[in-house]
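Visitor: I have a model open and would like to learn how to read it. Where do we start?

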Amino acid sequence: MKCPIECPHTFLETKYNNVTMDTIIKFKKSVNYVLNMIASWENRNHEQASIFTNFIEITNAAYGVIDNPYKNVRKNIFTMKNSLKKISKKISEDWILDKIMFVGKKQKFNPNMIILESVYNRDPEKDLGKWIKIVNNFDEALELYNKAVNEATLILKKAAHLPETTEKVNGYYYRCTASGDCEKIKYKDKKITIDRYGLNRWDWSVHPHTETINFSKNDSIYSYIWKQECPEMYLV
């Protein structure tokens, strides 16, 4: 099941060299939309942390903290969120309603009216460049997140660090299922106990499930375990 996150906006199409009241209103609508979308993503996991916290934790487990290709996803989304909250406060609905009564729709405004400006370095071009970089990083973060959703099975397998063998390792057998679950299997008294771990791509949480199976000659899935643990049962 694919659970991509999408967030169309007009930030890259905005004409920052010709900021009118129309521009500001359209920009404000896009600001509100993106903030609402980010909030909806964060609220997917109602129990604990943001889905992005779970996402970074499992990708760190899969690829390591240093080489994790997804390590900046959460940071870049949150940078956009925090930037938009500051911008939204600067161009509040009250500000727009107050100004729209006294200015013409074609009257021009400084582009720093709708983007973040540096506190110490008042350089409009530099400020605009920083803002565009924030937007591009945000868009790239969404692309990476959606790429990870499509590769979630591989990510869980990497994070689980399963041995690439059908032999017993430290008293357990390990297996990845076709659906992407990871299994840790213990044999005892002609039964196998399976601790199965599945990844929920909706909020990047890992859910355990335990199952016990009795020996059966007709079991083709775990036959490699039965044949190693109780080969005498196949002689009958």
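Guide: Start with handedness: a crossing is left-handed if the near helix is turned anticlockwise from the far one by less than a right angle, and right-handed if clockwise. Helices (H or I, at least four residues) and strands (E, at least two) are DSSP runs, numbered from the N terminus. Here, the crossing of H2 and H6 is left-handed.

Visitor: What kind of model is this?

Guide: This is a predicted model: local features need pLDDT of at least 70, side-chain atom pairs count only at pLDDT 80 or more, and totals for chains, interfaces and linings use all residues. Residues are numbered from 1 along each chain as its sequence is written, and side-chain values use heavy atoms, leaving out hydrogens and water.

Visitor: Where in the protein is confidence lowest, and where is it highest?

Guide: Read pLDDT, the predictor's confidence in each residue, from 0 to 100. The protein has a mean of 90, and 93% of its residues reach 70 or more. Confidence is lowest in helix H4 (residues 93-100), at a mean of 87. It is highest in strand E2 (residues 182-188), at 96.

Visitor: Back to the helices. At what angle do H2 and H6 pack?

Guide: Axes are lines fitted to C-alpha atoms, for helices over the stretch in contact, and angles run from 0 to 180 degrees between N-to-C directions. Helix H2 (residues 51-63) and helix H6 (residues 152-160) pack at about 65°, their axes 7 Å apart.

Visitor: Which residues in H2 and H6 meet?

Guide: Contact means heavy atoms within 4.5 Å. H2 brings Ile-58, Thr-59, Ala-61, Ala-62 and Tyr-63. H6 brings Ile-155, Leu-156, Lys-158 and Ala-159. These contact residues divide into seven nonpolar, one polar and one charged. In this scheme Ala, Val, Leu, Ile, Met, Phe, Trp, Tyr, Cys and Pro count as nonpolar, Asp, Glu, Lys and Arg as charged, and the others, Gly among them, as polar.

Visitor: Now the sheet. In what order do the strands run?

Guide: Strands of a sheet pair through backbone hydrogen bonds, either parallel or antiparallel. Two strands pair if DSSP finds at least two bridges between them. Here four strands form an open sheet, E1-E2-E3-E4, with antiparallel pairing. The edge strands, E1 (173-176) and E4 (205-214), each pair on one side only. The twist averages 20° from one strand to the next. H6 lies across E1, E2, E3 and E4, at about 125° to E3.

Visitor: How many bridges join E1 and E2?

Guide: Four, in the antiparallel sense. Cys-176 stands opposite Cys-182 in E2, and Tyr-174 opposite Lys-184 in E2. The hairpin has five residues between its strands, and Gly-180 in the turn has a positive phi of about 100°.

Visitor: And which residues stand out between E2 and E3?

Guide: E2 and E3 pair over seven bridges. Lys-186 faces Thr-193 in E3, and Lys-188 has Lys-191 as its bridge partner. Two residues lie between these strands, and Asp-189 takes a positive phi near 55°.

Visitor: How many bridges do E3 and E4 share?

Guide: Strand E3 (residues 191-200) and E4 pair over 10 bridges. Tyr-197 stands opposite Pro-208 in E4. Their hairpin has four residues between the strands, and Trp-204 in the turn has a positive phi of about 60°.

Visitor: Last topic. How many aromatic pairs does the structure hold?

Guide: Rings of Phe, Tyr and Trp (its six-membered ring) pair if their centres lie within 6.5 Å; planes under 30 degrees apart count as stacked, over 60 as edge-to-face and the rest as tilted. The structure holds 19 such pairs. One of them, Phe-11 with Trp-131, is edge-to-face: 5.3 Å centre to centre, 70° between the planes. Phe-11 lies in the segment before helix H1 (21-42) and Trp-131 in helix H5 (residues 124-150), 120 residues apart.
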